[in-house]
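Please look through the structure below before reading on.

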Amino acid sequence: MDLKKLPKIIVIGGGTGLPVLLRGLKNYPLDITAIVTVADDGGSSGRLRNDLQIPPPGDIRNVLAALSEVEPLIVRLFQHRFQNGSELSGHALGNLLLAAMTNITGDFVSGIREMSKVLNVKGKVLPAANRGIILHAELEDGSIVTGESKIPNANKKIKRVFLSPHNVEPLPESLEEIAQADLIVIAPGSLYTSILPNLLVKKIGEQLCRSKAKKIYVCNIMTQPGETMGFSASDHVKALYDHLQFNFLDYIIVNDADLPKEILKRYALQNAEPVRYDVEKLKTFGLQIINEDLVQIQQGVIRHDTRKIARVIYSLL
C-alpha cells in the first residue's frame, strides 16, 4: 500500500510506555513516526552519552526494537544487555550499535536511519533533538535538581521541568511530520522525565499546539514515585497544559479496570498507586474521555495492553 495514502500518526514519548504503544500500532495500516526523548542520563545511555559525546541511545533503541519486523532472535540480540566484564557490563548491544552507527555516518540521526534499515523498522524514528539535552526540575521548595535520572530520587513535589540549552532545535523533519499528522498521541510514561522533555523542545511544543490533528493523551495507569505521587488523571493533564501554556488535547484514554489487590500491595510498598480517574474534573478541560479495561499484567508488573490500546487509538481515525 502506498504510504502516502495511509493515515499519518505521530507518537511522542520515551521510557517503557512508548514501545508498548508502538508494538500494537505497527500491526495496523498506518504511517507511524515516533518522536523520542533524548534527556536520559542514567545507565548505559548515560555512560555512552558522556564517553562518546552522543545523544543517549537507550530510548531510541527500545523504539527501534518495538517497530522492528525482523526475526525475534535479532531483536533479542539488539536488546541483549551484557552482565559481565567491567567495561561492557550494563551496556545493551543495541546502544553500542547505535553509537557505532553514529560514528560511521557522522551523525546520530543518520545512524538511527541506517539502523532502521538493518532492523526493517516500520515507520520513522526521530530523536526530539539531534543532541543530548539536560533536564532540570524546579521543586516546590524552590530547589533545582539537574539530570533526568536524579529528578525522581529527590522525592519531592515537582513544580516544573525545563531544558538546557533552552533554545535546543528539533529536526526540521519532526516539525514537518507533526504538521502533516492525522493523529498525534502522547504516550504513557514518566510524565516529567519521558514525556515533557519532548514537548519542551520549543518548536515541537509550538507545532503540536498549532496542529489540526486530533490529539490524544494515553494516561498512565499507576502513579510514579518521585514524580506523580497522588496524581489523578486530571493532574497529569494540568501538568502538560501548564508547561505548554495551551490546552492542546482532544481525547484522554484512561484505564477503568480494577487491579489485583496483591499486586497493588506490592506497588504501595514503592509509594505507587492507581491513577485516580476523576471524570468530572477531566470534563472541565473539555476532553473527550475514553475509559476501558486497558491493563495487562506481566510478571507482576502493570502495563498497558498493547493490542487493546492500539485498537482504541486506531478507532479514533
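What follows describes the overall dimensions, the nonpolar cores and selected strands.

This is a predicted model, in which local features need pLDDT of at least 70 and side-chain atom pairs count only at pLDDT 80 or more, while totals for chains, interfaces and linings use all residues. Residues are numbered from 1 along each chain as its sequence is written, and side-chain values use heavy atoms, with hydrogens and water left out.

The protein has 13 helices and 12 strands; these are DSSP runs numbered from the N terminus, helices being H or I of at least four residues and strands E of at least two. Its radius of gyration is 19 Å, close to the 20 Å from the globule rule for 317 residues, so the protein is as compact as a globular protein of that length. That radius is taken over C-alpha atoms, and the rule is 2.2 Å times the number of residues to the power 0.38. The C-alpha trace spans about 55 × 45 × 40 Å along its principal axes.

Of the 317 residues, 53% are buried, where buried means under 20% relative accessible area, exposed over 50%, and partly exposed in between (1.4 Å probe, protein chains only). In soluble globular proteins, nonpolar side chains tend to be buried together. Here the largest nonpolar core has 89 residues, and Leu64, Leu199, Phe248 and Ile313 have the most contacts inside it. Such a core is a set of buried Ala, Val, Leu, Ile, Met, Phe, Trp, Tyr and Cys residues joined through side-chain atoms within 4.5 Å. Another core lies apart from it, with eight residues, among them Ile263 and Tyr267. Leaving out residues up to four places away in sequence, Phe248 touches Ile186, Leu199, Leu208, Cys209, Lys215, Leu240 and Tyr241; contact means heavy atoms within 4.5 Å.

Three strands form an open antiparallel sheet in the order β5-β4-β6, where strands pair if DSSP finds at least two bridges between them. Strand β4 (residues 134-139) pairs with β6 over six bridges, and the partner of His136 in β6 is Phe162.

Strands β11 (residues 295-298) and β12 run antiparallel and are joined by four bridges. Gln296 has Arg303 in β12 as its bridge partner. Two residues lie between the strands of this hairpin, where Gln299 takes a positive phi near 50°.
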